[in-house]
Amino acid sequence: MEGDKPTTVTCTVLGMDHTNFCYRVCSVCERTLPDNPSSLCKFCNFNSNTTSSSSNRLFRLLISIATDTKVKVVICFDRAARVFFGCSADDFFHFAKLHPFAATTASKVLQGQMFRMTLSKPKNGNAQHLRVSSVVPLSSSYRPTIETLREMYGVSIGS
Ligand SMILES: [Zn+2]
């Protein structure tokens, strides 16, 4: 019986949805912005005469995992997804712009890695997927995906 309590599982990552891994929020009020890259935050624009409103990207990632009994698709928001990537969504987005296959490669890098994840029911009862509230890599040789990618693409750390 699962109930509404968070459950902790040991699982293997089978893949991630690399076509849609982040979303934009206003850097001032953190409201979600539409996908259109030129749109600014309406709320902040209404409330100030400055044009300083800008946006940040946050991770929102669907991954499929296999536990010992089930395969399921779960959703990772920014804090959990940073454990996989080892960088912010903005950093990864810019890296992926320079290296167009970076997101596909990231999915391959994650495949087969083992984690202990805490999964919780979304507060919004209509949400489809369990939400990953914490992630702990199980391998002692675990490296965040961005480090592996930088090495593969020959980009030195810090450049
Ligand atoms: Zn705003």
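1. Glycine 86, which comes just after H2, takes a positive phi of about 75°. Helices here are DSSP runs of H or I with at least four residues, strands are DSSP runs of E with at least two, and both are numbered from the N terminus. The structure is a predicted model, in which local features need pLDDT of at least 70 and side-chain atom pairs count only at pLDDT 80 or more, while totals for chains, interfaces and linings use all residues. Residues are numbered from 1 along each chain as its sequence is written.

2. Helix H2 spans residues 78-85. Its buried residues are Ala80, Ala81, Arg82, Phe84 and Phe85. A residue is termed buried if 20 or more other C-beta atoms lie within 10 Å of its own, exposed if 12 or fewer, and partly exposed in between, with C-beta atoms placed from the backbone. The cover over these H2 residues includes S3, strand S4 (71-77), H3, H4, S6 and H5.

3. The largest nonpolar core has 28 residues. Such a core is a set of buried Ala, Val, Leu, Ile, Met, Phe, Trp, Tyr and Cys residues joined through C-beta atoms within 7 Å. Phe59, Leu61, Cys76 and Ala81 have the most contacts inside this core. At least two core residues come from each of S1 (7-16), S3 (55-66), H2, H3 (89-98), H4 (102-110), S5 (114-120), S6 (130-137) and H5 (145-152). The element that gives the most is H4, with 5 residues.

4. Alanine 81 of H2 belongs to the buried set named above. Not counting residues up to four places away in sequence, alanine 81 touches Phe59, Leu61 and Cys76. Contact between two residues requires their C-beta atoms, placed from the backbone, to lie within 7 Å.

5. Strand S3 pairs with several strands, where pairing requires that DSSP finds at least two bridges between two strands. S1 and S3 run antiparallel and are joined by 4 bridges; valine 13 has isoleucine 65 in S3 as its bridge partner. Strand S2 (residues 22-26) also pairs with S3 in the antiparallel sense, over 5 bridges, and valine 25 has asparagine 56 in S3 as its bridge partner.

6. S3 and S4 pair in the antiparallel sense over 7 bridges, and a hairpin of 4 residues joins S3 to S4. Leucine 61 has cysteine 76 in S4 as its bridge partner. S4 pairs in turn with S6, in the parallel sense and over 3 bridges. In that pairing, cysteine 76 has valine 132 in S6 as its bridge partner.
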